[in-house]
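Trainee: I would like to learn how to read the features of a protein model. Please go through them one by one.

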Amino acid sequence: MLNVLRQIVQEVNEAQDLQEVLHLMVKRVSESISVEACSVYLADRRHNHFLLAASVGFLEGVDGKITIGFSEGLVGLVGEREEPINLSHANQHPRYRYYPETGEEKYQAFLGVPIIHQRRLVGILVIQQREPRRFDEGEVAFLVTISAQLAGIIAHGQIAGMVDELSNFDNQIHTTIRGVPAASGVGIGEVVVVYKQADLDTVPDRIIEDVPHEIMQFEKALADTRTDIERLKLRLEKTLLPEEQNLFDAYLSILDSKSLKADIIELIEEKHWAPYALRKIIKRQVHKFEAMEDLYLRERATDLIDLGQRVLANLQSETTTLQTYPQQTILVGDEVTASMLAEVPQESIVGVVSAKGSANSHVAILARAMGIPAVMGASGLPVYKLEGKCIIVDGYNGEVFTSPSQSMQIEFLRLAEEEKELYAGLSELRELRAETPDGMRIPLCANAGLVADIRPALQAGAEGVGLYRTEVPFMIRDRFPGEEEQYLIYRQLLESFAPKQVTIRTLDVGGDKMLPYFPIEEDNPYLGWRGIRVTLDHPEIFLVQLRAMLRASSGLNNLRVMFPMISSIQEVEEALRLLRQAHREVIDEGSPVLFPQTGVMIEVPSAVYQARSLMSKVDFASIGSNDLTQYLLAVDRNNPYVASMFDSLHPAVIGAIKVVIDAAHLQNKKVSLCGEMAGDPAAVIILLGLGIDMLSMNAHSLPRVKWIIRNFTVARAKQLFEEVKDLDHARDIRQHLEKALEDAGLGGLIRAGK
Ligand code: PEP
Ligand code: MG
């Protein structure tokens with residue numbers, strides 16, 4: 001059974017369009033458990049009905065034509081109950097209704113299972129049979145398993161857009177797709193689809209005009225691939241046995257296959273660009289090979305994919321330079337990455353939408369830092385059909401509107417304009433102090449990771465750097481940067497802000513932050529070799545970094561050193577020992593520098609409970625709310641499946657922050673917060689009420705946080721904390737605080753418009 005399941009899922013995964021996917025599914029299901037009829041219905045929420053998408057055992061030509069209201073018939077009942085319904089005599093059930101167009105009245109036995117993705121019903125899978133009988137447990141389990149797999153596939157983009165295809169996506173009907181709010185603001189613009197280079201699975205469709213040119217590009221890529229393979233063959237001639245070299249001949253014969261080439265060219269002639277035509281035909285062929293019983297032939301599918309990727313890479317080396325960005329670009333992708341975002345000229349980009357990822361993915365952090373509205377985890381997004389289309393991104397509510405009507409476009413343009421005015425007004429706050437009306441100073445600092453972050457931070461009026469992520473310069477190199485290289489980076493940073501303080505965090509890699517030249521393979525990276533654990537195990541890397549920081553602070557003395565991912569006292573003691581060693585060395589070498597202030601990041605539950613002892617070892621603490629939320633709530637910060645559970649206003653997170661602030665204040669030490677929470681308007685009020693001493697955030701958020709601080713007294717913030725502290729749900733806490741922001745006239749910070 002498992003093999004059958006695997007085969008079905010694999011085939012479905014690789015199918016190209018909705019008809020193919022669903023037809024394949026119903027066909028394979030009916031064959032593998034020998035039932036006479038199998039059908040799949042997709043939920044169309046716009047019209048509140050299910051649409052018969054594919055069937056076997058029904059009359060010809062009904063697919064795509066029958067609709068069943070959400071509360072109609074047995075199919076509707078499966079949807080309402082969200083559980084399997086197994087009937088031997090379906091026609092005796094009070095909810096029985098048959099659709100004469102399908103010819104299904106002859107079937108007595110009925111088994112329907114819901115297809116559910118992340119609590120959301122996406123369709124119904126049904127099997128039927130003439131002979132009245134209850135389907136056995138194995139058959140029910142099989143169907144439930146298939147439907148669970150299918151749900152993920154439908155919702156996770158492999159066939160994204162296909163539901164819309166059936167629901168006339170191309171008819172320009174306005175659709176709302178929900179994701180996770182990742183960077184506030186609204187953007188309206190033209191979609192540019194981005195995708196991984198040389199990845200056949202993610203190549204979008206594009207319409208081209210110059211067919212002969214496209215065919216020429218394709219033929220050139222094919223010829224280049226041939227040369228590549230011949231070169232490989234030659235290189236390995238001495239190493240491989242003659243029969244092993246046949247592999248390359250097999251490759252070459254696939255490349256020379258006339259039908260493969262002709263099929264691809266035929267698609268190009270229909271005005272599809274070459275990478276898509278290649279994807280479509282290769283996938284179709286792969287699919288055929290994989291369906292074969294013969295193991296040897298099945299393996300040929302792998303060769304074909306490999307070849308396809310090679311041709312694609314050669315094609316892309318011709319085509320990538322052609323990418324141009326419209327004035328108002330909205331970057332859309334299955335998985336948009338930080339580097340894809342970085343490639344778009346900043347003045348052209350007005351929004352980012354990614355089908356995968358969450359508000360804490362690096363691209364989301366970057367989007368917030370750049371002030372670009374972003375929605376992540378929009379899994380229902382028909383990514384590959386959006387190229388060149390007009391869409392709206394609402395980063396406040398995590399929504400994307402495709403094919404917006406004229407009036408919606410006008411409304412959102414107005415909101416975007418108002419927002420621009422609001423932020424232009426906020427920039428006037430630059431010279432003003434971050435001080436509450438009742439006289440409490442809360443220094444606002446910037447987070448940084450690149451030298452390019454320095455200018456925006458200074459422009460925004462940052463009172464120093466509260467978190468400099470040193471892993472960023474490490475990540476953009478192809479080896480560990482040496483002491484001198486690091487010294488130059490840190491020196492520039494410290495000089496730019498002197499005499500203001502700059503908190504440099506020691507290398508924090510592991511988890512989702514990987515160095516290309518230092519791969520770490522782990523089953524559970526977030527609970528593994530991360531942050532201080534890595535650097536303590538590699539004093540040769542750690543000491544070089546500490547020495548570079550200390551030397552850079554010579555004569556300026558505005559450095560603060562901070563250790564990430566601290567989970568035990570011993571780690572702080574060891575880190576401090578190495579820092580003292582580095583300091584002695586630097587002094588001995590003739591660079592006079594004061595011993596810097598030291599701090600720990602509080603981002604692991606054990607650090608919360610040991611905050612008091614930790615604080616006795618160092619000068620300050622900084623709460624890393626991103627990781628603290630992740631570890632307290634056991635919610636992966638990058639996983640879209642659980643993204644809706646990630647909320648730093650969860651009562652447990654607020655409780656932990658209170659413990660840390662109180663513990664630090666008992667010892668007269670200061671606490672700052674440098675996670676994304678510091679830029680979240682509702683959270684800022686709570687932090688103020690809890691007595692936070694300093695906040696550090698991306699430069700773009702700084703003016704609006706200053707605006708809040710200048711409008712909320714500590715007394716009012718404390719009162720608001722009292723009002724929410726016993727609420728059970730993050731949602732209620734947020735609502736209460738956002739109402740307070742609206743009442744104070746600051747609603748423009750949490751929704752579109754002024
Ligand atoms: C945090 O965890 O909140 C933090 C600031 O560190 P990073 O996001 O770099 O892990
Ligand atoms: Mg962290």
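**Reading the model**

Mentor: Ser34 sits in the loop between helix 2 (18-32) and strand 1. Helices (H or I, at least four residues) and strands (E, at least two) are DSSP runs, numbered from the N terminus. This is a predicted model, where local features need pLDDT of at least 70, side-chain atom pairs count only at pLDDT 80 or more, and totals for chains, interfaces and linings use all residues. Residues are numbered from 1 along each chain as its sequence is written, chains are lettered from A and ligands numbered from 1 in the order in which they are written, and side-chain values use heavy atoms, with hydrogens and water left out.

Trainee: What is the phi of Ser34?

Mentor: Most residues other than glycine have a negative phi, and most peptide bonds are trans. Ser34 has a phi near 45°, which is positive although the residue is not glycine.

Trainee: Which residues does a cis peptide bond join?

Mentor: The cis bond is between Ala498 and Pro499, with omega at about 5°. Pro499 belongs to the loop between helix 16 (483-497) and strand 17 (502-505).

Trainee: Which residues come nearest to ligand 1?

Mentor: A residue is near a molecule if one of its heavy atoms lies within 4 Å of it. There are 15 residues around ligand 1, and the nearest are Arg469, Arg505, Lys513, Asn626 and Arg637. For the classes, Ala, Val, Leu, Ile, Met, Phe, Trp, Tyr, Cys and Pro count as nonpolar, Asp, Glu, Lys and Arg as charged, and the others, Gly among them, as polar. The shell around ligand 1 then has eight charged, four polar and three nonpolar residues. Strand 16 (465-469) and helix 22 (625-633) each supply at least two residues of this shell; helix 22 gives the most, with three.

Trainee: Which atoms of Arg469 and ligand 1 lie 2.7 Å apart?

Mentor: A polar contact with the ligand is a pair of N or O atoms within 3.5 Å. In Arg469, a polar side-chain atom lies 2.7 Å from an oxygen atom of ligand 1. The side chain of Arg505 has an N or O atom 2.8 Å from a ligand oxygen. Ser625 takes part through a backbone N or O atom, 3.1 Å from an oxygen atom of ligand 1. Accessible areas come from the Shrake-Rupley method with a 1.4 Å probe. Taken alone, ligand 1 exposes 290 Å², and the protein buries 100% of that.

Trainee: How many cavities of 30 Å³ or more are there?

Mentor: On a 1 Å grid over the protein atoms alone, a cavity is a set of points where a 1.4 Å probe fits but cannot get out, and lining residues have an atom within 4 Å of a point. Grid points are joined across faces, edges and corners, and a volume is the space filled by probe spheres set on the points. The count is three cavities.

Trainee: How much space lies in the second largest cavity?

Mentor: About 70 Å³. Its lining has ten nonpolar residues, one polar and no charged ones. Helix 10 provides the largest share, four residues.

Notes:
A polar contact is a pair of N or O atoms within 3.5 Å; within protein, one must be able to donate a hydrogen and the other to accept it, and residues adjacent in sequence count only if both atoms are side-chain atoms. On a 1 Å grid over the protein atoms alone, a cavity is a set of points where a 1.4 Å probe fits but cannot get out, and a pocket is an open set with protein on both sides within 12 Å along at least five of seven lines; lining residues have an atom within 4 Å of a point.
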